[in-house]
Amino acid sequence: MSETGIGAAVRRVEDKRFLTGRGKYIDDIDQRGQLYAWMLRSPHAHARINGVDTATASQAPGVVAIFTGADMAADEVGGIPCAWQIHNKDGSPMHEPPHPPLAVDKVRHVGDQVAVVIAETKAQARDAAELIAVDYDVLPAAIDMDLALADNASLVHDDVPNNLCFDWEIGDKDATEAAFAKADHVVSIDIVNNRLIPNAMEPRAAIAQYEPSNGNYTLHTTTQNPHVIRLLMGAFVLQIPEHKLRIIAPDVGGGFGSKIFHYAEEAILTWASAKVPQPIKWTAERSESFITDAHGRDHETHAELAMDKGGNFLGLRVSTKANIGAYLSTFGAAVPTYLHGTLMAGVYTTPAIYCEVKTVFTNTVPVDAYRGAGRPECTYLLERLVTKAAREIGMDPVEIRQKNMIQPDQFPYQTPVALEYDVGNYPASLDTALQASDYAGFEKRRAESESNDKRRGIGISTYIEACGIAPSAVAGALGARAGLYESAQVRVHPTGSVTVYTGSHSHGQGHETTFAQLVSESFGIPIEQVEIKHGDTGEVQFGMGTYGSRSIAVGGPAILKACNKIIDKATKIVAHILEASESDIEFKDGKFTVSGTDREMAFAEVSLAAYVPHNYPIEELEPGLDENAFYDPLNFSYPAGCHICEVEIDPETGDVDITNFTAVDDVGRVINPMIVEGQVHGGLAQGIGQALLEGCVYDDSGQLLTGSYMDYTMPRADNLPNLNVGTQSVLGASNPLEVKGVGEVGAIGSPPAVINAILDALAPLGVDDISMPATSAKVWQAIQNA
Amino acid sequence: MYNFNYQKATSRDDAISARSSADDGSYLAGGMTLIPTLKQRLAKPSDVIDLAAIDDLAGITDDGGAITIGAMTTHAAVANSDVVASKIPALAALAGHIGDPQVRNRGTIGGSIANNDPAADYPAGCVGLNATIITNKREISADDFFTDLFETVLEDGELITAVSFPVADKAAYAKFPNPASRYAIVGVMVAQTGGETRAAVTGASQSGVYRAADIEAALGDGLDAAAAKAVKVSADGLNSDIHASAEYRAHLISIMASRAATAAG
């Protein structure tokens, strides 16, 4: 085995450039003759546009062009598409109102773009934008979901009654009703999953460039999936054929989902670059990120759990309202439905489940996938509800989980909500986490805290997620308008070094290391011999990109598949050269050997033979050693685990201190344990951030009150405890690498552990509910109200 | 940011002269508020007069019964000063918890008090410790200096040169920070100087820093922490925002005062 192969804690090769300031992000790139764009954005949440007067602005110094929605409409530019179609309970398709890249008749959220000013400098563009006179008729805003659904609500889209995008359901309603009818206990909960603002370290940015001599467009953009942008923008918005449109996503500074989506600015810049025609650069200000990057979460749910006398789960009934914002973003419709409702079994054997989701347009920034995407919302609901159920029936929260968990011998396990879990061992993760967190010693620690006038609590979350998105046929049947395979090209060079082209995209995940380890393992060569390339549609074959913890689970097997094709071909070459039968050739540790002999060829000798085919089976085999593979997963993968949080609360101030946080995650085979640990740390920071700190607040008129770091609380190092993380893996059963995915587990599993711990601490004071983020002010108020 | 004339003053007189000849000039100290305001185009000064190159505006001197801190002294310099730590440790601790390391290494005491943000820490430090603000024209008692939100008695163009803090007999600052900005939701400086007990509160009031008479009465000569905690502070006139209600702030005033009293010993 190679020392840099699977399982080795190899240091991230990309970090050398990131840590020495040599990363190349879009704002680091400049093109000859480059102009700058400034987006004029709506200050209103909802207003009719009577006119946009650009006459004075057009005369401002440095201004090259100003375009409005009318200009794009005149050019028959298409709307920003949604990549997933959901159907209503009655089978009718969801409402898909138009989403023009530049607003035409109305603005629908603060930050909606009204005009683009293109000038020689960014400052000139911004100065000129202030001279544009927009004649607005301000309309009442639909912000709160209940008010937006009311009959007298202001309509975000004039042709969408009650602002209801769709009303969807999953599960067996009748069976669930029957389960409730025979229940001994019914526990209900009303729960809000707080709206979050993603805050990638690098704001979105783009440079569009048009070459008049051949009609080619190049767009550098901060995306997690360059080919998806090429397809969506090329085919649906701008009608540019794919061979004339190149998308480059170079180093990208974090995404967390918010850079999956096709954003209007990409289409505006690309379209305008041919009008000018000069390269145009746009870099979002941080303030713009807050009001234009798709937000996450924002669910309100009522749920009920039916149990028998012994605390066995009989049925689950869930009714969710999901805020989709002003427009359908790329995956906005999929998040509250197939990434949320399908996970309602959790790790439990609940036999009957029914979930309905009303998705609501509001005059807020579009809501779409954010680290976890639907699965944190579901997990938070389930794990709060299960813990509440335990308390109400007087059962230990560990026991109620153990009693209802799917057991290791029940796999594959078909849930009542479409998914079939392939493999897992949930009781083992729970046991390990209980040990690692010294759960048994908690009461002693609680007593110590109480002697210091503090309140101590412990909270458990036993979660599952479906990731490795997704089998294309399944996704298609559920409304996806794309396949969800991944691609890889493995190009072995004549002297044995390797370049891999992957359709996955790395924006912090460490693919350049992890993927290289796969190749290192396959070929028995050190990772220094391997280079991972991604992010440029001009050099990489069509791929689907990175989201939903799919890079290792879907992108990884594609690389493995291409590597295996290389080995198969190399075996044929070796058999020819060493005059042996193919079946007698063994490949191990980078060497091809004829079994039982000392005849062997090193990997690099074979590659050289492939490119210098002097002694070569040329009649049956092409020269070269360069293979392509596409891999479509057989199933989702199902990471799961147990998170246990322990808090100490100062009842005088409401301050919550996380004293211990234990995460035991089953992520399948671990390729690089250091990167896995880093991913879990990052996810936990975001999950703890959601639970304690982060909350997006709009006022009733649709102004964002948390529009900067002065008011939106990002988690910082001093908010986090020393995280006690570990993996306890059951190898994945649905892909050849036996991996499951790790990017989202931290953000999915942790929020309910934190809130359950707080409620455990405050239960003696009579507090039975608290919403996220559980700020000190909120905790103190809950104590006062109890 | 809108365009402005940048002037780098090399002396106090140079700065004052530049400021007086500007249409709408603004002094730039650490810039921790001014620069973000300019970047968001919320201010449009004709001239920005940078004070950073004026040598004699920064520095800490021990005057025996008082410590004098130059207006351009950074929070980090105050926090790390041996003189401050030995004579008025409460002030060093206050400076050491302002904002974050970047802010502490750029932000200055003069800039902070001239801005008089109602949630800033230094105003409570100045009032609680009965400081004197020294300008190019006069010496002003901290009690008189801070007038309202972002308002002081400074006249147009008047330049703070230093702040003088009498050495307190006992003092401590307790702050409950805003989780996002790390400004004070409530901060209370409790101090006893020359036999006088003071409790100065920042972050809470709609009109900025103030002395809490009810808390001071409860603390008394013995800095009675339990008595301070027992004070029911009225929520009238206190800030209420997405981070904290007026009632929560009122409650925190007693708690922070009590904790400061305990720490002050």
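## Domains

Chain B splits into three pieces: domain 1 (5-50), domain 2 (57-166) and domain 3 (170-264). Keep in mind that this is a predicted model.

## Where domains 2 and 3 meet

The contact involves 22 residues of domain 2 of chain B and 22 residues of domain 3 of chain B. About 1700 Å² is buried between domain 2 and domain 3 of chain B, with 61% of that coming from carbon and sulfur atoms.

On the polar side, the rule picks out 3 salt bridges across this interface of domains 2 and 3 of chain B, along with 10 residue pairs in polar contact, both residues at pLDDT 80 or more. Helix 5, helix 8 (122-128) and strand 8 (146-148) of chain B each bring at least two residues to the side of domain 2 that touches domain 3. Helix 8 of chain B has the largest share of that side, with 5 residues.

As for a salt bridge in chain B, R198(B) forms one with D143(B), and their closest N and O atoms sit 2.7 Å apart.

## The four-stranded sheet

Chain B also has an open sheet of 4 strands in the order 11-12-13-14, paired antiparallel. Strand 11 (170-177) and strand 14 (210-211) of chain B are at the edges with a single partner strand each, so one side of each has no neighbour in the sheet.

Strand 11 of chain B pairs with strand 12 (residues 184-193) of chain B over 8 bridges, in the antiparallel sense. Within strand 12 of chain B, V190(B) is the residue standing opposite A172(B). Helix 5 (residues 89-96) of chain B lies across strand 11 and strand 12, at about 15 degrees to strand 11 of chain B.

Methods. Residues numbered from 1 in each chain as written. Chains lettered and ligands numbered in written order. Predicted model: local features only at pLDDT ≥ 70, side-chain atom pairs only at ≥ 80, totals over all residues. Heavy atoms only, no water. Pairing = 2+ DSSP bridges. Contact = heavy atoms within 4.5 Å. Axes fitted to C-alpha atoms, helices over the stretch in contact; angles between N-to-C directions. Domains from an automatic or database assignment. Buried area = accessible area lost by both parts, 1.4 Å probe. Salt bridge = Lys/Arg side-chain N within 4 Å of Asp/Glu carboxyl O. Polar contact = N/O pair within 3.5 Å; in protein donor to acceptor, adjacent residues only side chain to side chain.
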